[in-house]
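Thank you for coming, everyone. Please have a look at the structure on the screen, and I will then walk you through a few places in it.

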Amino acid sequence: MRGEIIMNNGTALIAGAHGVIGRNLIAELKAQGGWNIIGLSRRGGADAEKVRHIAVDLLDPDDTRRKLAPLTAVTHVFYAAYQERGSWAELVAPNVAMLTHLLDGIEAAAPGLRHVSLMQGYKVYGAHLGPFKTPARETDPPPMPPEFNVDQQRLLETRQQGKAWSWSALRPSVVGGVALGNPMNLAVAIAVYASMSKELGLPLRFPGKPGAYDKLIEMTDSGLLARATIWAAREAGAANQAFNINNGDLFRWNDMWPKLARFFDMEAAPPMPLQLSSVMADKEPLWNAMVEKYGLAKTPYKDVSSWPFADFVFSWDYDFFADGGKARRFGFHDYVDSEEMFLRLFADLRRQRIIP
């Protein structure tokens with residue numbers, strides 16, 4: 001690899017390097033030290049200290065094999081790539097194909113491959129479909145197909161048979177982090193919604209279904225998830241296992257929402273059901289005016305808004321949490337306070353001049 005110096009932990013290949021999960025994985029790998037790091041994404045990126053970026057279309061098997069062929073030193077794959085589609089059924093083919101193409105390419109190129117880490121979520125429990133058994137546990141049966149998370153894990157289990165490498169599957173709740181242009185970024189959506197509400201002289205209203213305001217929910221901090229993912233990839237006892245990864249606390253929006261409002265020096269008004277993807281569709285002029293008024297970073301409105309995902313999360317009028325005890329029993333003991341996480345992320349957005 002272009003004169004690559006092999007370091008202690010090995011060479012990590014991160015698929016989905018620009019997403020909120022991939023970005024934090026790269027940051028954590030750099031912080032831990034001893035890793036060569038390669039980021040894969042459709043648009044690539046500028047190389048930086050300890051990190052090399054490669055643009056690749058994982059839906060194209062020829063492009064994938066060609067781009068991965070020189071990566072002979074890869075020891076660990078961290079797979080967090082994702083393709084959005086219009087329906088659950090349409091998600092299966094592209095997302096399974098991308099993982100298949102990556103495995104085809106990296107197994108052929110890297111004889112020293114040790115581990116493949118798969119990022120999943122609570123969809124493996126049918127959490128996106130409606131009320132599900134809580135707390136969800138890794139031994140719970142999957143929902144009726146189609147579900148690409150389940151198919152991807154079965155692909156890994158089949159491919160790993162008789163191989164020297166192992167796999168792990170990480171199952172976070174809603175991930176809290178900052179990555180603009182990401183379709184699943186709740187914290188940024190809340191921050192932009194709050195900032196716009198304040199600019200319009202409105203209180204901060206919870207916009208979800210009435211029943212969602214009172215149900216139990218949990219989050220997964222992106223930094224905690226990165227640490228857990230690397231731990232599972234290196235811990236011998238965690239090989240070929242799936243783990244729920246969450247902050248370790250539960251909350252209800254009816255308690256959390258006023259605390260978030262206080263960060264923005266706003267009053268929290270009673271909930272009012274809104275379809276954010278609809279009511280925020282005409283707010284680009286307001287956003288552009290705020291960028292100029294407050295000297296914000298010139299971020300396109302389409303890159304700060306995750307309204308469909310926010311609508312999705314705020315529609316959960318049922319409990320949404322899983323048992324994180326298995327990871328603790330296997331040796332991962334980190335936890336994060338969810339209120340602290342939200343406030344830290346909002347402060348980060350202010351420091352970056354994304355919000356006023």
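What we are looking at is a predicted model, in which local features need pLDDT of at least 70 and side-chain atom pairs count only at pLDDT 80 or more, while totals for chains, interfaces and linings use all residues. Residues are numbered from 1 along each chain as its sequence is written, and side-chain values use heavy atoms, with hydrogens and water left out.

Grid points are joined across faces, edges and corners, and a volume is the space filled by probe spheres set on the points.

How many cavities of 30 Å³ or more does the structure hold? There are two of them, and the largest cavity has a volume of about 60 Å³. Its lining is made up of N244, I245, N246, G324, A327, R328, F332 and D334, and the elements that give two or more residues to that lining are β11 and α12 (325-330). Here helices (H or I, at least four residues) and strands (E, at least two) are DSSP runs, numbered from the N terminus. Sorted by type, the residues lining the largest cavity are three nonpolar, three polar and two charged.

The second largest cavity, with a volume of about 40 Å³, is lined by A212, K215, L216, I217, W253, V313, W316, Y318 and F320. That lining divides into eight nonpolar residues, no polar ones and one charged.

The largest pocket holds about 1,100 Å³ of space. It is lined by 47 residues, of which A80, A81, Y82, N182 and M184 lie nearest its centre, and the elements that give two or more residues to the lining are α1 (20-32), β2 (35-41), α3 (88-109), α4, β7 (174-176) and α11. By type, the pocket lining has 26 nonpolar, 15 polar and six charged residues.

Now to the aromatic rings. Rings of Phe, Tyr and Trp (its six-membered ring) pair if their centres lie within 6.5 Å, and planes under 30 degrees apart count as stacked, over 60 as edge-to-face and the rest as tilted. By this rule, the count is 27 aromatic pairs. Take W253 and W257: why is this pair edge-to-face? Their ring centres are 5.8 Å apart and their planes stand at 80°, so the pair falls in that class. The two residues are four apart in helix α7 (residues 253-263), and are therefore separated by about one helical turn. W257 also pairs with F314, where the centres are 5.8 Å apart and the planes at 90°, so this pair is edge-to-face as well. This second pair links distant parts of the chain, since W257 sits in helix α7 and F314 in helix α11 (residues 307-314), 57 residues apart. Both W257 and F314 are buried, where buried means under 20% relative accessible area, exposed means over 50%, and partly exposed lies in between (1.4 Å probe, protein chains only). Ring pairs also join residues into a cluster, whose members include F206, Y213, F251, W253, W257 and F314.

Finally, some backbone details. Most residues other than glycine have a negative phi, and most peptide bonds are trans. Against that background, a cis peptide bond joins T134 and P135, with omega about -5°, and the bond from P145 to P146 is cis too, with omega near 10°. P135 is placed in the loop between β5 (115-119) and α4 (148-160), and P146 is likewise found in the loop between β5 and α4.

N240 lies in the loop between α6 (222-234) and β11 (241-245), and is partly exposed, with a relative accessible area of 30%.

Key:
On a 1 Å grid over the protein atoms alone, a cavity is a set of points where a 1.4 Å probe fits but cannot get out, and a pocket is an open set with protein on both sides within 12 Å along at least five of seven lines; lining residues have an atom within 4 Å of a point. Ala, Val, Leu, Ile, Met, Phe, Trp, Tyr, Cys and Pro count as nonpolar, Asp, Glu, Lys and Arg as charged, and the others, Gly among them, as polar.
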